[in-house]
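Q: Please go through this structure term by term, setting each value against its definition.

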Amino acid sequence: MKTPVFEALKNLMKENSVSFHMPGHKGRNALVDWSKYIPYFDTTELEGMDNLLEPRGIIQESQEYAAKVFGAKATYYGVNGSTGSNYIALATITKPGDKVLIQRNCHKSIHNGMIINRLNPVYISPNYNENFNLLSGIDPEEVDEILKAEPDIKAVALTYPNYYGVCYDLKAIADIVHKHNKILMVDEAHGPHMGFSDKLPMSALQAGADLVIHSTHKTLPSFTQTSLLHVNSDRIDLNKLRDRYQLYTSTSPSYLFTLSNEAACAYMDSEEGKSKLDWNIEKCKEVIDRLNKIDGVEVFIGDPEDKTIVAKDITKILISIDGISGSQIKKRLKSEYNIRLEMADYYYALIFCTLMNEEEDYERLVAAIEDLAKKTDNEEIEYVNIKMPEPKIIISPSEAYFGKKEQVQLKDAIGRMSAAPIIPYPPGIPLVAPGEEITKEIYEHILFLMDNGLEIVGLMGYNKDNVVVVEE
Ligand SMILES: Cc1ncc(COP(=O)(O)O)c(C=O)c1O
């Protein structure tokens, strides 16, 4: 008998590490004590139950309740993460061949959604904040200018907030998009909790986006793979949405995921859920103050000089420590203090807090960071200029994706069309997307980033010196 996954999961359980990462439930029960029910609740469309693909009974009632809790016009439970909900949303607001305005640093599921739906992107890049070396927000005026210059754009797809909890003026953008008579979908995978406290930034639903996508599992107490797709205006064709929902969803949708979505919504409608969120927000404030008092430690809370940042979700604690890279902070907190963080890049590590974190988690975190900062030499890590060359679009992502491909050495790729995205971290924005030319400038930038030890996703081969290009 071989059960490597089971063994690894048992070890993970024994490890009993502090969770500052997803899923949002943090291994704790909210509303439902899952351990008792899982074998019985994993069921199918039996008589008396309902069908998520065509809900007419309990699931319809449950989704209507979820919409009320979130203040949406309609809500659909997703069982394939925000990935699946992004596919459904993009397919609902476009048809093949359409031009769409896309945030350049959107998640892979939006890039893939463009391939599946054969869309032609016009990209808008977020600001790169040089004071803090991170991606910040989108300038509403730039959205206006692009929509004026390219009136055949059919829809706009943005990501808000970003992974670090940075929020831009989405309300102003929603007004601009609607002034141009276009549809706005917002991938708010990282912000399903934001509408439940006025101490957090404005949510995409409050800002007036037409379609909003949430990863329930990221910041609410819900199973991995659960998501919500909210309709927030009359601009969305609900029949088309239902059709696309069926196109992208399993014909055996999980009742456990359906229930988990429902339980998360009900929890956010309860006094307990709301007060836990409130307590955690206050605790995050206190923790940030305490961390900022430690020598060599800095938590990013915003930048008044950066007009593209209007708010910051403080439950995403973005920390840097002098003398140690973000990746080292993450590694050492795990190996020396048994604390697991969500992610890290060259400069920062991300402490991902949700309403399910508790006092002892934060106390262990602060004590560990105090100790770690003492052990480092407090010299600043070297600054790497990561300002990127402009992309040069030759063909659409889907043409590149479905074209014939070959793997070539990086040095031979100059002047060729990339068939896959190449994304350096930081800043986490594609240097090239499928269908764009690998120019000499881009090639030299990749070498520069590699020399400086930055992580680059999309390079292939043993020495990471190969790329996939479209065959000539
Ligand atoms: C901005 C954003 N959108 C969508 C997704 C996909 O979400 P899921 O993992 O729920 O499929 C992610 C995942 O990390 C994400 O960061």
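Q: What makes Asn181 exposed rather than buried?
A: Asn181 has 9 C-beta neighbours inside 10 Å, and a residue counts as exposed if 12 or fewer other C-beta atoms lie within 10 Å of its own, as buried if there are 20 or more, and as partly exposed in between, with C-beta atoms placed from the backbone; Asn181 therefore counts as exposed. This is a predicted model, in which local features need pLDDT of at least 70 and side-chain atom pairs count only at pLDDT 80 or more, while totals for chains, interfaces and linings use all residues. Residues are numbered from 1 along each chain as its sequence is written.

Q: Where does Asn181 lie, and what is its phi?
A: Asn181 lies in the loop between α7 (170-179) and β9 (183-187), where helices (H or I, at least four residues) and strands (E, at least two) are DSSP runs numbered from the N terminus. Its phi is positive, about 65°, although Asn181 is not a glycine. Most residues other than glycine have a negative phi, and most peptide bonds are trans.

Q: Why is Lys26 called buried?
A: Lys26 has 20 other C-beta atoms within 10 Å, so it is buried. Lys26 is found in the loop between β1 and α2, and its phi is near 60°, a positive value in a residue other than glycine.

Q: Which peptide bonds are cis?
A: One joins Met22 and Pro23, with omega about -5°, and Pro23 has its place in the loop between β1 (18-20) and α2 (34-41). Another joins Tyr160 and Pro161, with omega about -10°, and Pro161 is placed in the loop between β7 (153-159) and β8.

Q: How do you know that Ile321 is buried?
A: Ile321 has 25 C-beta neighbours inside 10 Å and therefore counts as buried. Ile321 lies in strand β14 (residues 316-321) and, leaving aside its neighbours within four places in sequence, is in contact (C-beta atoms, placed from the backbone, within 7 Å) with Gly296, Val297, Ile329, Leu372, Ala373 and Thr376.

Q: What makes a set of residues a nonpolar core, and how many residues has the largest one?
A: A nonpolar core is a set of buried Ala, Val, Leu, Ile, Met, Phe, Trp, Tyr and Cys residues joined through C-beta atoms within 7 Å. The largest has 129 residues, and those with the most contacts inside it include Ala157, Ala209 and Ile351. Helix α11 gives the most to this core, with 7 residues. Leaving aside its neighbours within four places in sequence, Ala209 is in contact with Ala174, Leu184, Met185, Val186, Ala204 and Asn232.

Q: How is the shell around the ligand divided by residue class?
A: The shell has 1 nonpolar, 10 polar and 1 charged residue, where Ala, Val, Leu, Ile, Met, Phe, Trp, Tyr, Cys and Pro count as nonpolar, Asp, Glu, Lys and Arg as charged, and the others, Gly among them, as polar. Among the residues surrounding the ligand are Gly81, His107, Asp187 and Ala189. The largest share of the shell, 4 residues, comes from helix α4 (residues 81-93).

Q: Which domains is the protein divided into?
A: An automatic or database domain assignment supplies the bounds, and the division is into domain 1 (34-268), domain 2 (271-375) and domain 3 (397-470). In all, 30 residues of domain 1 are in contact with 24 residues of domain 2. The side of domain 1 that touches domain 2 divides into 16 nonpolar, 11 polar and 3 charged residues.

Methods. Near = placed C-beta within 6 Å. Contact = placed C-beta atoms within 7 Å.
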